[in-house]
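Student: Could we go through this model together? I would like to discuss a few residues and helix contacts.

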Amino acid sequence: MGRLVVVSNRVGPLKDTGRAGGLAVALVDALTQTGGIWFGWSGEISEEGSFGQLKTQKTRKVQMVQMDLTQADYDEFYAGYANRTLWPILHYRLDLAVFDRRFEQGYRHVNDRFATRLRPLLQDDDVVWVHDYHFLTFAANLRAMEVNNPLAFFLHIPFPAPEILAALPNAGSIVRAMLAYDLVGFQTRRDADNFRRFVIEELDATDLGDGRISTGGREVIVRAYPIGIDAEAFSKFGMTPEARRNMLRLEKLMGGRQQIIGVDRIDYSKGLPERFRAFERLLEDYPENRGRVSLMQVAPPSRAELDAYIDIRRELDEMTGHVNGRFADLDWTPIRFLTKSFPRRALAGIYRASRVGLVTPLRDGMNLVAKEYIAAQRAEDPGVLVLSRFAGAAEGMKEAVIVNPHSAEEVAAGLQSAITMPLEERRDRWQIMFDRLCEEDAIDWSRSIMNDVASMKA
């Protein structure tokens with residue numbers, strides 16, 4: 001294969017800025033190995049939008065190429081269809097989805113504009129790898145421009161059951177456009193199965209077995225490729241000066257107490273209100289934890305302009321005040337709620353200082369925080385991961401304490417199990433997960449997808 005051309009809504013950075021980020025960190029190695037282009041939105045709004053001059057930046061063998069959007073494109077494509085329609089639907093939240101014909105038209109228009117601007121940059125032997133829910137119809141646009149290059153797609157968030165997706169107006173047309181890709185990848189087997197079910201039941205595709213389907217005279221690979229992290233590198237973050245500073249600060253603050261850590265964007269898919277209720281239940285049902293165990297929730301805002309996120313932030317502030325007002329003592333605060341982000345090295349130290357990692361989304365594609373928490377632990381005295389059964393990570397991390405995030409009682413019981421777990425059991429669970437993370441890392445993830453793309457064109 002020739003160059004790799006990555007397409008995603010946001011581009012870069014190619015160098016680790018030290019900030020937590022799933023997609024960027026996972027793609028850097030693949031791009032630097034083959035050379036190529038990373039193409040996407042600049043993050044800027046301008047009058048010319050996608051018709052303006054492309055913004056380019058060269059770093060070694062990789063060129064970052066970005067284009068602007070107009071305000072209308074941003075409102076309809078990004079804030080509209082991507083985040084008010086697709087995001088809730090794909091996370092099983094029909095109650096929050098907004099169905100507006102203008103949003104869908106804007107989405108299709110921007111996908112076409114991205115394809116139009118990328119087309120002249122492509123070489124015949126390039127492999128194009130497209131990412132996430134922003135570009136479901138993108139391949140169909142490229143095919144209409146007679147692009148015959150291998151096209152791969154990876155969805156980083158969940159793909160719902162056909163009964164949920166069918167509520168999306170023109171769902172059949174959207175998914176049919178996805179079949180212009182040669183490979184459609186998902187985080188979990190459940191997600192891949194949901195996609196296959198939809199195209200077989202709704203679009204009359206044929207299941208060929210071995211993760212392949214046939215439709216319209218074309219064969220498409222549909223498989224799960226669970227995204228990994230560079231576990232060994234992240235474990236080394238925990239030994240950096242920045243990590244040690246944060247770890248020592250926390251240990252001094254806790255004074256021998258135990259800490260539960262959660263790190264999530266403020267988003268209704270993350271189950272943060274349910275998490276706070278579960279922690280309150282822990283203090284109610286297991287009163288020996290009062291004064292001895294605290295919850296630190298790091299929650300950087302996201303999509304702060306959307307009403308659903310404003311409401312969650314307000315609810316979390318109120319719940320923090322309620323729990324702290326009910327249980328706090330002179331020298332102990334039950335919940336510390338921090339609406340800021342931390343560099344990845346600092347997070348590694350925070351993870352190391354925390355006896356329990358609490359990762360309880362209501363629905364998540366993968367959730368790399370779960371993997372980073374495990375990677376950051378000390379082998380001699382590791383913490384315990386309490387993980388939602390609805391996180392994609394649960395499929396490959398069965399040694400965690402798996403819980404139903406909708407049940408405050410079950411999560412509280414899981415937390416109690418984690419807090420009181422004997423050292424030998426903690427070590428055994430951690431070692432199995434850490435070894436697996438080292439084997440199934442980000443490079444293995446990208447290599448698996450690229451090898452399957454190559455097999456389609458062999």
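Student: Where does Arg 102 lie?

Tutor: Arg 102 is in helix 3; helices here are DSSP runs of H or I with at least four residues, strands are runs of E with at least two, and both are numbered from the N terminus. This is a predicted model, in which local features need pLDDT of at least 70 and side-chain atom pairs count only at pLDDT 80 or more, while totals for chains, interfaces and linings use all residues. Residues are numbered from 1 along each chain as its sequence is written, and side-chain values use heavy atoms, with hydrogens and water left out.

Student: Is Arg 102 buried, partly exposed or exposed?

Tutor: Arg 102 is partly exposed, because its relative accessibility is 47%. Buried means under 20% relative accessible area, exposed means over 50%, and partly exposed is in between (1.4 Å probe, protein chains only).

Student: How far apart are Arg 102 and Tyr 81?

Tutor: Their C-alpha atoms are 8.6 Å apart in space, and the two residues are 21 residues apart in sequence.

Student: At what angle do helix 2 and helix 3 pack?

Tutor: Helix 2 (residues 71-90) and helix 3 (residues 101-118) pack at about 115°, and their axes are 8 Å apart. The axes are lines fitted to C-alpha atoms, for helices over the stretch in contact, and the angles run from 0 to 180 degrees between N-to-C directions.

Student: What does that make their relative orientation?

Tutor: Helix 2 and helix 3 are therefore roughly perpendicular. Angles under 35 degrees count as roughly parallel, over 145 as roughly antiparallel, 65 to 115 as roughly perpendicular, and the rest as oblique.

Student: Which residues meet there, between helix 2 and helix 3?

Tutor: From helix 2, they include Phe 77, Tyr 81 and Arg 84; from helix 3, Arg 102, Phe 103 and Tyr 107 are among them. Contact means heavy atoms within 4.5 Å. The residues of this contact of helix 2 with helix 3 comprise six nonpolar, five polar and six charged. Ala, Val, Leu, Ile, Met, Phe, Trp, Tyr, Cys and Pro count as nonpolar, Asp, Glu, Lys and Arg as charged, and the others, Gly among them, as polar.

Student: Now the loop between helix 2 and helix 3: what is the phi of Tyr 92 there?

Tutor: Tyr 92, located in that loop, has a phi near 70°, a positive value in a residue other than glycine. Most residues other than glycine have a negative phi. Tyr 92 is partly exposed, because its relative accessible area is 23%.

Student: And Asn 170, where does that lie?

Tutor: Asn 170 belongs to the loop between helix 5 (162-165) and helix 6 (171-178). Its phi is also positive, about 65°, although Asn 170 is not a glycine.

Student: Changing topic, is Arg 196 buried or exposed?

Tutor: Arg 196 is buried, because its relative accessible area is 15%. This residue is part of helix 7 (residues 189-203).

Student: Which side chain makes a polar contact with the side chain of Arg 196?

Tutor: The side chain of Asp 193 does, at 2.4 Å. A polar contact is a pair of N or O atoms within 3.5 Å; within protein, one must be able to donate a hydrogen and the other to accept it, and residues adjacent in sequence count only if both atoms are side-chain atoms. Leaving aside neighbours within four places in sequence, Arg 196 is in contact with Asp 207, Gly 211, Ile 213, Val 222 and Arg 223.
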